[in-house]
Amino acid sequence: VAVTSTAIVHAGQLVTNDETRGGDLLGSVRDGAVVFEAGRVQWVGESAQLPQGAGDTLVDAEGRCVLPGFVDSHSHLVFAGDRVTDFVASTTGASYEPAGIRSTVRATRSAPTETLAAGARRLRHEALRSGTTTMETKSGYGLTTPDEVRGCAVASDVFDDATFLGAHVVPEEFDDDSDAYVALVTGEMLAACSELVRFVDVFCERGAFDEDQARAVLRAGAAVGLHGKVHANQLEEGPGVLVAVEEGALTADHCTYLSGHDVDLLASGTTVATLLPITEFATRTAHADGRRLLDAGARVALATNCNPGSSYSTSMPLAIALAVRHQGLTPDQAIAAATKGGAAALGRDDVGVLRVGARADVVVLEAPSPAYLAYRPGVELVARIFKDGVDVGASH
Ligand code: NIG
């Protein structure tokens, strides 16, 4: 079978995220072109410099913006049922309660695996249509060894990266002994799940797991080669960020309520702060201060946190618009956080960037610059999507 190459030319703004290009934060090329073959980027530059004969298939972007596909580094998409009743109650005053996770656990445990997989595939496809070419998801609605194995298996089958979140909440049957549940998570459950995933995550929050328990989960994961992630400082100030940084976790996610010390820790370390603004929007809480983190020098990622309780949206364009409107990011900072920031949050350098050798994950916008994603919220601007070099078509 002949390998065919594709050249996208005349991008009004080609976002490369390639720091070696200099220029703006996004490594932008005016009237840019990108060539890819066999799923990898082969050439990037100005359209006028396009090598002769490049691209068996030529796509003329006609001045539209072309950028790397979005990298959504935080979601919870292996579940059954929904929590629309809780959401409707929240519109007249009830606040978001992590206890609601347990109702999704009950529904998930009683669902056939094929139902979980079909739901996960549907949501992965939905995300792809809004430009998400790399997506992580977590287990965490099983909370028994066989149910978490099922969750991790579906997550790794359907998504690009998978995370073991046995330490999501303490299940009902361990109400009186959360330490015994942590022993199960760090012992038998981790051993059964670790081969299926790259990351281990823990919800470190009042009502979930405390500082010592979170450290135990991260250390057990690290001992079997898993990168750490922490749900940190979502509902109030607490030890989550401290634990993440001190334990060398790859990311601290949420970061809604941070002390000055937390900001300093994130600024001086390598742990990526992952902002999840759809959560704050959907649960009507205060927003994380993304500008404060960036000004301090922290590395920031942007993700959807799509889940049935606190943030039921797969839309990275929505996350970008909210980060700009409510978290103090400039449009360019939000685009960077949604692409190369997401890649950093997954410990990857082959996505979120358009440079030679990177994956050919490319989005064409129905707009001349990426700022339009924030400027025109709620409008479907993702016009065309290539994943691994394959044209997966128009978004709608
Ligand atoms: O990130 N914080 C914990 N987990 C999810 C919520 C999951 C749920 O409510 O089902 C979150 O918001």
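Biologist: How many Å separate an oxygen atom of the ligand from an N or O atom in the side chain of tyrosine 141?

Modeller: A pair of N or O atoms counts as a polar contact when the two lie within 3.5 Å. In this predicted model, the side chain of tyrosine 141 places an N or O atom 2.6 Å from an oxygen atom of the ligand. For histidine 231 the corresponding distance is 3.4 Å, and for asparagine 305 a polar side-chain atom lies 3.1 Å from a ligand oxygen.

Biologist: What share of the ligand's accessible area does the protein cover?

Modeller: On its own the ligand has 330 Å² of accessible area, and the protein covers 100% of it. The space that the ligand takes is the largest cavity, and 14 residues surround the ligand, the closest being Arg83, Tyr96, Tyr141, Gln234 and Ser310.

Biologist: Which residues have the most contacts inside the largest nonpolar core?

Modeller: Nonpolar side chains in soluble globular proteins tend to be buried together. Here the largest nonpolar core has 90 residues, and Phe164, Leu266, Leu293 and Leu302 have the most contacts inside it. Beyond its neighbours within four places in sequence, leucine 293 is in contact with residues including Leu258, Val263, Leu266 and Val300. A second, separate core has 16 residues, among them Ala11, Leu14, Leu354 and Ala360.

Technical notes:
Residues are numbered from 1 along each chain as its sequence is written. This is a predicted model: local features need pLDDT of at least 70, side-chain atom pairs count only at pLDDT 80 or more; totals for chains, interfaces and linings use all residues. Side-chain values use heavy atoms; hydrogens and water are left out. A nonpolar core is a set of buried Ala, Val, Leu, Ile, Met, Phe, Trp, Tyr and Cys residues joined through side-chain atoms within 4.5 Å. Buried means under 20% relative accessible area, exposed over 50%, partly exposed in between (1.4 Å probe, protein chains only). Contact means heavy atoms within 4.5 Å. A residue is near a molecule or strand if one of its heavy atoms lies within 4 Å of it. A polar contact is a pair of N or O atoms within 3.5 Å; within protein, one must be able to donate a hydrogen and the other to accept it, and residues adjacent in sequence count only if both atoms are side-chain atoms. Accessible areas come from the Shrake-Rupley method with a 1.4 Å probe; for residues, only the protein chains shown count as cover. On a 1 Å grid over the protein atoms alone, a cavity is a set of points where a 1.4 Å probe fits but cannot get out, and a pocket is an open set with protein on both sides within 12 Å along at least five of seven lines; lining residues have an atom within 4 Å of a point. A molecule sits in a cavity or pocket if more than half of its atoms lie within 2 Å of its grid points.
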